Structure formats: C-alpha cells, structure tokens
Amino acid sequence: MNPAASNLFWADYDGDGLLDAFAVDASGAGRLLRNTGRSSFEDVTQLTGLAEAAGAHMVAWIVPCKVTSENGAIRAGDLLVTSSTPGHAMVDNNPPIGTVVGKALESFSGANGSIKVLVTLQ
C-alpha cells in the first residue's frame with residue numbers, strides 16, 4: 001500500500017468506543033487500522049480477512065448517526081444527507097448525486113437524536 005491515503009473513513013468497527021480508520025490509497029489498496037487507545041493504530045487488515053477482499057473497493061459499516069427531523073420524519077430505508085443542524089443528518093427523498101451520508105436502518109420522528117445508519121466507502 002502506498003503510504004499516502006487518497007480516502008480515509010473513520011468508524012468504530014470493533015465497538016470499543018474508539019474511532020478506527022479504513023485507509024485506501026490511489027491504487028485502491030485498503031487497510032483497516034484499529035485504534036489501540038495508546039496514540040497508535042494497529043493494522044488488522046489480515047486479521048479481519050479484508051486482505052482477501054482486495055479489489056472490492058468498498059467498505060460498509062453500521063454506525064450511530066446524529067439526525068434531525070427538519071426535513072420530515074425518518075423511516076428505515078430512507079437516504080440521509082447533511083442538514084442545517086451542524087453534525088446532523090436528515091432525510092432526503094430525492095438527494096443529488098454525491099450528497100448521501102448513509103441509509104437509515106431505524107425510524108426517527110423526534111426533533112434531534114441518534115439512529116443506526118449504513119454508510120459505505122466506494
């Protein structure tokens with residue numbers, strides 16, 4: 001893998017409360033880097049089996065996402081985009097290409113809250 005990442009995706013893949021990273025270089029090679037909590041990351045690409053998926057060029061994770069109902073109630077399956085509330089996503093029934101943050105896996109109708117969202121890096 002080229003040391004310069006062209007795409008970097010942050011999520012807590014192992015559920016330990018620390019943000020881990022998935023880095024993809026310009027050639028499409030990817031590495032999953034586990035946050036050790038000691039100011040360092042451990043390459044767990046081989047351990048997780050992602051090395052065998054080389055060339056797939058896509059990662060999908062389920063993550064918690066802050067949401068707002070400013071554009072209407074969110075239903076499971078809705079596409080989410082950024083909202084005017086900083087750090088929050090909202091439903092968009094006809095989002096422009098390239099604006100989707102993720103797909104809602106849960107419904108939400110309150111003012112602000114958090115739901116599980118499927119996000120992908122392609």
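Colleague: Start with His88. Leaving aside neighbours within four places in sequence, which residues is His88 in contact with?

Modeller: This is a predicted model, to be clear. Setting aside residues within four places in sequence, His88 touches Lys66, Val67, Thr68, Val81, Thr82, Ser83 and Asn112.

Colleague: Where is His88 found?

Modeller: In a loop. That loop runs between β6 (79-82) and β7 (89-91).

Colleague: Does His88 count as buried or exposed, and why?

Modeller: Buried. Its relative accessibility is 16%, and buried means under 20%.

Colleague: Now Leu50. Where does Leu50 lie?

Modeller: Also in a loop. Leu50 sits between α1 (45-48) and β5 (59-68).

Colleague: Which residues is Leu50 in contact with, leaving aside neighbours within four places in sequence?

Modeller: Phe22, Leu32 and Thr45. Take Leu32. Leu50 and Leu32 are 18 residues apart in sequence. Their C-alpha atoms are 7.7 Å apart in space.

Colleague: Change of topic. How do β2 and β3 pair?

Modeller: In the antiparallel sense, over 4 bridges. β2 covers residues 20-25 and β3 covers residues 30-35.

Colleague: Which residue stands opposite Arg31?

Modeller: Ala23 stands opposite Arg31 of β3.

Colleague: How many residues are between β2 and β3 in the hairpin?

Modeller: There are 4 residues between the strands. Gly28 is in that turn, with a positive phi of about 95°.

Colleague: And β3 with β4? In which sense do they pair?

Modeller: Antiparallel, over 3 bridges. β4 is residues 41-43. Across that pairing, Arg34 stands opposite Glu42 in β4.

Colleague: Which residue takes a positive phi in the hairpin of β3 and β4?

Modeller: Gly37, near 80°. That hairpin has 5 residues between its strands.

Colleague: Zoom out. How many helices and strands does the protein have?

Modeller: The protein has 1 helix and 9 strands. Along the sequence, the pattern reads β-β-β-β-α-β-β-β-β-β.

Colleague: What share of the residues counts as buried?

Modeller: 32% of the protein's 122 residues. His88 is also counted as buried.

Colleague: And the surface? What does the accessible area come to?

Modeller: About 7300 Å². Carbon and sulfur atoms account for 53% of that.

Colleague: Last one. Among contacts between residues at least 6 apart in sequence, what share joins residues at least 24 apart?

Modeller: That share is 38%.

Definitions and conventions
Residues are numbered from 1 along each chain as its sequence is written. This is a predicted model: local features need pLDDT of at least 70, side-chain atom pairs count only at pLDDT 80 or more; totals for chains, interfaces and linings use all residues. Side-chain values use heavy atoms; hydrogens and water are left out. Two strands pair if DSSP finds at least two bridges between them. Helices (H or I, at least four residues) and strands (E, at least two) are DSSP runs, numbered from the N terminus. Buried means under 20% relative accessible area, exposed over 50%, partly exposed in between (1.4 Å probe, protein chains only). Contact means heavy atoms within 4.5 Å. Accessible areas come from the Shrake-Rupley method with a 1.4 Å probe; for residues, only the protein chains shown count as cover.
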